[in-house]
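Please read the points below with the model open beside you, and look up each residue as it is named. The points go from the whole chain to particular places in it.

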Amino acid sequence: MERKDNQTPQGEIARILVEFLEVAITSVVFLKGVYPNGAFERRRYMNLVVHKARHPQLYEYIHVAVNGLLAFLTKDLIDRVAVVFLDDGGLPIERFVFKLNVNQSYSSKVQQADLEFSLRSFLIKLPLSEPLTKILPPTDCRWEIMAYFRALPQASTSKDAEMWIPSDAKQWQQPAVITPIKSMSSEPLRVQVYAEDPNPSAPKN
């Protein structure tokens with residue numbers, strides 16, 4: 001994604017964040033073993049070896065979905081972005097959540113190198129985190145990217161809003177078990193990454 005000279009600090013932060021989310025979400029899908037390793041190829045990003053989807057439809061889904069968040073991230077309208085793995089009945093098996101906050105009052109020049117250095121630590125941590133090393137249950141499953149909006153955008157006023165539709169995924173009846181993975185807090189941007197699993201004490205359907 002190209003940098004624009006007249007971009008606001010929030011626009012620049014959101015641009016960097018979108019690039020990071022595309023790589024991080026691809027890493028989550030790769031690490032959970034949903035597809036064969038051959039569906040991905042290696043590339044370098046932030047001086048790290050990461051994975052990029054090789055299959056055109058897989059790449060397009062992740063790329064279009066994440067880049068469609070740019071305008072909303074700029075305005076801090078998105079609270080969380082999640083990669084949700086669902087069983088064949090539409091019940092979540094596991095969620096990987098990116099909780100985000102773009103400081104709307106930040107007015108200084110964005111130090112891209114500093115921000116990327118902080119985000120880089122997430123990409124180092126992801127392959128080492130226990131939730132991502134657990135294999136999904138041996139059952140048919142699907143996954144999707146979900147965005148949790150602080151305020152719902154009007155589809156009639158935003159072309160990007162038209163691509164986001166309410167999810168038909170079911171919800172857990174008990175509060176999820178949360179496993180923190182990594183967090184950062186800086187003046188322009190705060191990010192938390194954590195896993196959510198169903199509560200083992202919840203009654204089975």
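1. Of the 205 residues in the chain, 46% are buried, where buried means under 20% relative accessible area, exposed means over 50%, and partly exposed lies in between (1.4 Å probe, protein chains only). This is a predicted model, in which local features need pLDDT of at least 70 and side-chain atom pairs count only at pLDDT 80 or more, while totals for chains, interfaces and linings use all residues. Residues are numbered from 1 along each chain as its sequence is written, and side-chain values use heavy atoms, with hydrogens and water left out.

2. The chain holds five helices and seven strands, which follow one another from the N terminus in the order α-β-β-α-α-β-β-α-α-β-β-β. Helices (H or I, at least four residues) and strands (E, at least two) are DSSP runs, numbered from the N terminus.

3. Two packed helices are described by the angle between their axes and the distance between the axes. For helix H1 (residues 9–31) and helix H2 (residues 56–67), the axes come within 9 Å and cross at roughly 145 degrees; axes here are lines fitted to C-alpha atoms, for helices over the stretch in contact, and angles run from 0 to 180 degrees between N-to-C directions. On the H1 side the contact is made by Val18, Leu21, Glu22, Ile25 and Thr26, and on the H2 side by Tyr59, Ile62, His63, Val66 and Asn67. These residues divide into six nonpolar, three polar and one charged, with Ala, Val, Leu, Ile, Met, Phe, Trp, Tyr, Cys and Pro counted as nonpolar, Asp, Glu, Lys and Arg as charged, and the others, Gly among them, as polar.

4. Ile25, in helix H1, deserves a separate look. Is Ile25 buried or exposed? Ile25 counts as buried, at 0% relative accessibility. Not counting residues up to four places away in sequence, Ile25 touches Ile62, Val66, Val81, Val83, Phe98 and Ile145. Ile25 and Ile62 are 37 residues apart along the chain, and their C-alpha atoms are separated by 7.6 Å.

5. Val193 belongs to strand E7 (residues 189–197) and is buried, with a relative accessible area of 3%. Leaving aside residues up to four places away in sequence, Val193 touches Val97, Phe98, Phe122, Leu126, Pro180, Ile181 and Lys182. From Val193 to Val81 the separation is 112 residues in sequence and 9.7 Å in space, C-alpha to C-alpha.

6. Most residues other than glycine have a negative phi, and most peptide bonds are trans. Against that background, please check the loop between strand E1 (40–45) and strand E2 (48–53), where Met46 lies, and where Asn47 is also found. Met46 has a positive phi of about 55 degrees although it is not a glycine, and Asn47, not a glycine either, has a positive phi of about 65 degrees. As for accessibility, Met46 is buried, with a relative accessible area of 15%, whereas Asn47 is exposed, with a relative accessible area of 59%.

Methods:
Contact means heavy atoms within 4.5 Å.
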